[in-house]
Amino acid sequence: MTSPSNGNGFDAAGIDEQTWTELEKQLEATIPVYDRVNRLMTLGTDRGMRRHVAKLIEPGMNVLEVGCGPGSFAETLRGTELSCLDPSAEMLKVCKKRVDAAREIHSESQVKYIEAIAENIPIEDNTFDRVVCLFSFRDFKDKKKGLQEIYRVLKPGGMLVICDAGKANWLHGIFGRLWMATYVQIVARIVTRDPKHPWKWLAKTYTHYGTHKFYKQIMKEVGYNPAKVRLLLPLGMASRFIAVKPE
Ligand SMILES: C[S@@+](CC[C@H](N)C(=O)[O-])C[C@H]1O[C@@H](n2cnc3c(N)ncnc32)[C@H](O)[C@@H]1O
């Protein structure tokens, strides 16, 4: 595995502390227009991706969303016990407002909000039926440590679902980088009216993100079995990993 210092603070396995702190600042700056830019840059397919993840969750399950951000996925999830984890107090504040409002309408149980990183989850072993990461895995400081912690808090037979920008292989990654460097940047610039908008950092994390094979291998080393991945749409820019903690 390469060292995080090989790519200006980023590499496929992780992000160094200083770079990650700056990345968090940039992610927080996206909050006011997060959903709008996401929708435009995925050509409206983000909703379908969220629905796809939600279909893998059954009613009554105990679910943890890691990297919940402003609550874009969590507010849509019905019929589950839910915990939302994010290292950013700012993100959690917005998430709580949105998710509590949605759950109140549906008379659903209260959500647990946890300010923490994936690499150190303050929850006891074998707690969750599902752990989901939507567009957050790419931002983990230490991907293997995060996968180990998620494995620890999953119940035996529990499943991790990751949905993120996809890199099926290096060739596909070149198309992804072109997409991030052109269309995404234009959209973000138009919406934010800021030439230094925070989506420049999305392009950086994608550039250093690993391939499907790379993360599948780490998942297997951690103990997940099976660990499967596929692009969500043919030639699409998003992928979905499913990794199960054996019984
Ligand atoms: C792009 S947002 C994703 C928001 C949301 N999950 C969604 O469905 O759109 C990425 C989130 O990951 C969080 N994050 C960054 N590093 C993390 C880490 N090491 N552990 C957990 N979450 C992290 C960020 O604070 C941010 O809120």
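How close do the axes of helix α6 and helix α7 come, and at what angle do they cross? Hold that thought while I cover the ground rules.

This is a predicted model: local features need pLDDT of at least 70, side-chain atom pairs count only at pLDDT 80 or more, and totals for chains, interfaces and linings use all residues. Residues are numbered from 1 along each chain as its sequence is written. Helices (H or I, at least four residues) and strands (E, at least two) are DSSP runs, numbered from the N terminus.

Back to the helices. The axes of α6 (residues 170-192) and α7 (residues 199-208) come within 9 Å and cross at roughly 170 degrees. Axes here are lines fitted to C-alpha atoms, for helices over the stretch in contact, with angles from 0 to 180 degrees between N-to-C directions. Therefore α6 is roughly antiparallel to α7; the cut-off for that word is over 145 degrees. On the α6 side, the contact includes Gly-176, Met-180 and Val-184. On the α7 side, Trp-199, Leu-202 and Tyr-206 are among them. Contact means C-beta atoms, placed from the backbone, within 7 Å.

Now the sheet. Seven strands form an open sheet with mixed pairing, in the order β5-β4-β3-β6-β7-β9-β8. Two strands pair if DSSP finds at least two bridges between them. β5 (112-115) and β8 (227-231) are the edge strands, each pairing on one side only. On average, neighbouring strands of this sheet are turned by 15 degrees against each other, direction ignored.

Strand β4 (residues 81-86) runs parallel to β5, joined by four bridges. Asp-86 has Glu-115 in β5 as its bridge partner.

Next, β7 (residues 154-165). Six bridges join β7 to β6 (residues 128-134), and the two run parallel. Arg-130 stands opposite Met-159 in β7. Between β7 and β9 (residues 238-244) there are seven bridges, and that pair is antiparallel. There, Cys-163 has Arg-240 in β9 as its bridge partner.

How do we get from β6 to β7? β6, helix α5 (residues 143-153) and β7 make a right-handed β-α-β unit. Right-handed means that, with the strands pointing away from the viewer, the path from the first strand over the helix to the second runs clockwise.

Phe-135 sits in the loop between β6 and α5. Buried or exposed? Phe-135 counts as buried, because 22 C-beta neighbours lie inside 10 Å; the cut-off is 20 or more. Beyond its neighbours within four places in sequence, Phe-135 contacts Cys-163 and Asp-164.

Methods
A residue is buried if 20 or more other C-beta atoms lie within 10 Å of its own, exposed if 12 or fewer, and partly exposed in between; C-beta atoms are placed from the backbone. Two residues are in contact if their C-beta atoms, placed from the backbone, lie within 7 Å. Angles under 35 degrees count as roughly parallel, over 145 as roughly antiparallel, 65 to 115 as roughly perpendicular and the rest as oblique.
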